[in-house]
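I opened this entry to record what I looked up, working from the overall make-up towards single residues.

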Amino acid sequence: MAMAISAAGAATRTANIALVPPQSLLARAHVQCTVIGAVWKQRSGPVSAQFCAAPRKPPLVCSLSVSELHCFLGIAPHEHWRSARQVLVHAQAEETEEMDAAEDVDICELVNGFDVQIGDEGEVSGFYIQALKNNNGAGILLLPDIFGWESSATRDIANQLGCFGYNVLVLDLFRGNSWKEGVSQASGDFEAWRSSHTNIAKDIDAASRWLKAAVDEQGHAIDPNSKPKCAIVGFCIGGGLAIQTIARYGSITTEEEVPNPFSAAVSFYGTRINLQPEQIRNIKSSLMMITGDLDPSSPVQGCEDIVALLDDAEVVVYPGRGHGFAHRPKSLEDDEAAEVAFSTMMKWLKRRLLTA
């Protein structure tokens with residue numbers, strides 16, 4: 001049988017990976033691959049793609065069936081590569097013997113993901129991604145865009161964060177009623193849909209408490225004196241909610257209210273922020289705002305006005321980029337900017353969450 005993966009350039013920081021060819025793969029054939037870095041952005045285009053390596057020592061090994069490999073790479077067995085779906089594999093990946101379908105095979109040793117129910121009565125849903133081999137102890141609450149917590153674009157970002165060692169809680173902001181992709185937002189239906197979600201702040205509070213408790217318990221099991229930090233990251237409407245949340249937590253004065261668990265916040269082209277200057281000044285968390293200069297939903301001037309009121313805040317502007325470029329890239333140029341934006345965020349989060 002033809003090898004499932006061909007690769008070149010193992011000694012360099014990049015490797016070209018290609019399926020050879022997709023239709024030759026058997027459903028139960030397995031591929032043994034060595035993961036040498038975190039999940040990363042893949043360029044849109046034909047079947048081959050270039051991956052930017054973030055080498056790990058020692059490398060992590062995972063065993064995938066062909067169908068699982070397709071799933072993890074984000075492609076269907078007979079489709080071309082899609083933008084922003086990827087995994088780093090060792091250049092010497094090779095096919096192994098056919099394995100029993102009943103055998104329990106882990107998809108990857110980098111992260112473990114599972115559904116969770118949050119709230120006093122478990123009324124709020126979330127998906128928790130726990131970093132395994134390289135867990136750094138920190139937690140991230142991820143607020144999705146209007147297309148919800150199960151969107152592949154949101155889950156991709158969550159997996160990337162998990163592969164870099166973070167424990168990520170993806171919140172179902174809209175309680176199973178997210179806006180449907182492909183449906184226009186220009187009608188009155190969108191505003192009616194948006195205003196129907198009246199429990200968002202309450203659900204964010206529940207998710208914040210759950211995440212903080214989870215990383216505290218995990219950290220204290222290793223080191224009783226550890227003090228794990230958390231961040232909140234949001235995209236589009238989730239980005240706006242992230243800023244509103246840290247502003248609301250910054251104004252808390254009583255123990256009965258939810259204490260601020262977030263040392264940092266990242267807002268990707270946040271929308272509908274709607275805060276007064278005195279509310280913005282309440283923010284005590286470090287803040288990074290990321291936007292494109294062609295994004296009317298998150299204008300640069302509005303971001304700069306917020307940052308100007310805070311001591312530890314910055315805005316990063318990507319020329320020529322529009323709304324959603326970082327997690328829903330539509331072009332090679334978007335993909336390139338998305339890679340830079342993700343790397344910029346990771347360096348910034350490391351300084352805020354992992355540095356004493």
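The model is a predicted one, in which local features need pLDDT of at least 70 and side-chain atom pairs count only at pLDDT 80 or more, while totals for chains, interfaces and linings use all residues. Residues are numbered from 1 along each chain as its sequence is written, and side-chain values use heavy atoms, with hydrogens and water left out.

**Overall make-up.** I found eight helices and 14 strands in the protein. Of its 356 residues, 52% are buried, where buried means under 20% relative accessible area, exposed over 50%, and partly exposed in between (1.4 Å probe, protein chains only).

**The sheet.** I then followed an open sheet of eight strands in the order E7-E8-E10-E9-E11-E12-E13-E14, with mixed pairing; two strands pair if DSSP finds at least two bridges between them. Strand E7 (111-118) and strand E14 (313-318) are the edge strands, each pairing on one side only. Looking inside the sheet, I noted that strand E11 (residues 230-235) and strand E12 (residues 262-268) run parallel and are joined by six bridges, and that Ala 231 has Ala 264 in E12 as its bridge partner.

**Helices across the sheet.** For these I needed contact, meaning heavy atoms within 4.5 Å, and axes, which are lines fitted to C-alpha atoms, for helices over the stretch in contact, with angles from 0 to 180 degrees between N-to-C directions. Helix H5 (residues 237-250) lies across strand E9 (139-143), E11, E12 and strand E13 (286-292), and runs at about 145 degrees to E11. Helix H7 (residues 300-307) lies across E13 and E14, at about 170 degrees to E13.

**A loop residue.** Is Thr 198 buried or exposed? I located Thr 198 in the loop between helix H3 (188-195) and helix H4 (200-222), and Thr 198 counts as exposed because its relative accessibility is 64%. The C-alpha atoms of Thr 198 and Phe 174 are separated by 9.3 Å, with the two residues 24 apart along the chain.

Note on methods: Helices (H or I, at least four residues) and strands (E, at least two) are DSSP runs, numbered from the N terminus.
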